[in-house]
Amino acid sequence: MIDLQPDSPVPIHEQLASQLMADVAAGSLKTGARLAEYRAFAQQLLTNPQTVARAYADLEAAGVLERHPSGVMEIAAGADVVCRRRLQEAARHGLGEAVRQAVAYGLPEADIHKAVTEALAAPVGRPLAPAELYTAIKNTAHVSRHRDSQHIKVLPPEDGGGPP
Amino acid sequence: MAVDHLSLSVPQGAVFALLGDNGAGKSTTIRILNGLTPPDHGWARVLDHDVWQEAWQLRQRIGYVPERPKFYDWMTVREIGWFTSGFQRRGYLDRYLDLTDEFLLDPRSRLGTLSKGQYAKVGLALALAIDPEVLILDEPTSGLDLLVRREFLGSMVQLAGQGRTILISSHQIAEIERVASHVAFLARGKVLLAASMDELRHQVVRVRARCEGPPPAASALGKVLQEQRLGGSWQVILRDPDRAALDHLRAAPGVSGYEETAPGLEEVYCALLGRKDGTP
């Protein structure tokens, strides 16, 4: 399920790319799965076709998508690894931010360690649903708009790209 | 004077949105572009034709959906298509009937008996049947219910996917934010800002921070569109921010929780048009 929020500070093409990555990481989009042609997808999402084209181009550059000779975009081999790594980077960054905030609010170091240990000891339960994974990435994508943290950006900002 | 020194350029293939309050000059601009009102001064060209001198050459290439379309209400859905096809290229009527079918309009219904949404769809079908290179819509979805608005958006997205150019004026900012590639803010007949959605993210930024002591002089950071104190934090919306000044602020002693984001269209709209003098 793709859920675009046009008024979010995260550009729509980044939202789309990170939601697709969450689906790949969660296994609901597997290697070889084909995505809708960008104009058809734009029609479904009611968004500008160039926005979808750009998300596809970004994902292609990141090694998540592969252009089939027919022009169709497919999930590339190993895309799940790429996506999971991105999610892990995002999670690591989120942890770092949370710790920095805790320190700034004066939480003693011992308490921070204790909170992390407790969280680790809690039963993990089911794997995250794509939507929850997405929220995790989206929050990081938001944070990554801060200038110092460009390196953890979910997608490289310089990857422009026209229509496929 | 409705528009004055208004200068805009719409790139081919763009979905270009005109935003502004009532009376900002959106409709006048659109009427000029359609060759319906001659400009007192200046010029406008669409598809390499002067819109006033060569209006007749543009009739078959520009689709126009007016804000409040008015047709001959005694005609049926089919008859208005047949009537209009007399001014259009071959195949117009077939395309029109395909569109009315897609929009679930009964070709035998009299226009006067249609609901507001159905009436608007006739207007859209008449414009799209031209197979236009440029589609111009003036507040096309105002007063229409959600489902009809989505159909309008869908038609626009489809046309944009074919590389056609779309110019739309609207008050539905959320819709514009979804589909537009470019946006221009108008006030009092002038363009306050025109940019692609990407450029806009860099040209207008929102900075938030908590400051011990008095907040910094915002005017040193860029053109201040709006400055607010929200609880303990300070927020400013800047146009053309000064990168070095922002970096300096971020690292300044007594400044914490520095956050810099791209405001949404609605926020940019309010910041730009909420200014008393109406100038950028």
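User: Which residues of H6(B) are buried?

Analyst: In this predicted model, the buried residues of H6(B) are Val148(B), Arg149(B), Phe152(B), Leu153(B), Ser155(B), Met156(B), Val157(B), Leu159(B), Ala160(B) and Gly161(B). A residue is buried if 20 or more other C-beta atoms lie within 10 Å of its own, exposed if 12 or fewer, and partly exposed in between, with C-beta atoms placed from the backbone. Helices (H or I, at least four residues) and strands (E, at least two) are DSSP runs, numbered from the N terminus.

User: How are the residues and chains labelled, and what pLDDT do local features need?

Analyst: Residues count from 1 along each chain as its sequence is written, while chains are lettered from A and ligands numbered from 1 in the order in which they are written. As this is a predicted model, local features need pLDDT of at least 70 and side-chain atom pairs count only at pLDDT 80 or more, whereas totals for chains, interfaces and linings use all residues.

User: Back to H6(B). How many residues does it have, and what span does it reach?

Analyst: H6(B) has 16 residues and reaches 22 Å from its first C-alpha to its last, close to the 22 Å expected at 1.5 Å a residue. The expected span is 1.5 Å times one less than the number of residues. Just after H6(B), Gly163(B) takes a positive phi of about 80°.

User: What about the other chain? How many residues of chain B are in contact with chain A?

Analyst: 22 residues of chain B are in contact with 15 residues of chain A; contact means that the C-beta atoms of two residues, placed from the backbone, lie within 7 Å. Helix H6 (146–161), helix H7 (173–179), strand E12 (255–261) and helix H10 (265–273) of chain B each supply at least two residues of that side. H6(B) gives the most, with seven residues.

User: How do the residues on that side of chain B divide into nonpolar, polar and charged?

Analyst: There are nine nonpolar, six polar and seven charged. Here Ala, Val, Leu, Ile, Met, Phe, Trp, Tyr, Cys and Pro count as nonpolar, Asp, Glu, Lys and Arg as charged, and the others, Gly among them, as polar.

User: New topic, sheets. In what order do the four strands of the open sheet in chain B run?

Analyst: The order is E10-E11-E9-E12 (chain B), with antiparallel pairing. Two strands pair if DSSP finds at least two bridges between them. Strand E10 (223–230) and E12 of chain B stand at the edges with a single partner strand each, so one side of each is left without a neighbour in the sheet. E10(B) and strand E11 (residues 233–239) of chain B pair over seven bridges, and Leu230(B) stands opposite Ser233(B) in E11(B).

User: Which strands does H10(B) lie across?

Analyst: H10(B) lies across strand E9 (204–211), E10 and E11 of chain B, at about 110° to E10(B). Axes are lines fitted to C-alpha atoms, for helices over the stretch in contact, and angles run from 0 to 180 degrees between N-to-C directions.

User: And the six strands, what is their order?

Analyst: They form an open sheet in the order E4-E5-E6-E1-E7-E8 (chain B), and the pairing is mixed. Strand E4 (62–65) and strand E8 (190–196) of chain B are the edge strands. E4(B) and strand E5 (residues 134–138) of chain B pair in the parallel sense over four bridges; Ile62(B) has Val134(B) as its bridge partner.

User: Last one: what secondary structure does chain A have?

Analyst: Chain A has six helices and two strands, in the pattern α-α-α-β-β-α-α-α along the sequence. Of its 164 residues, 35% count as buried.
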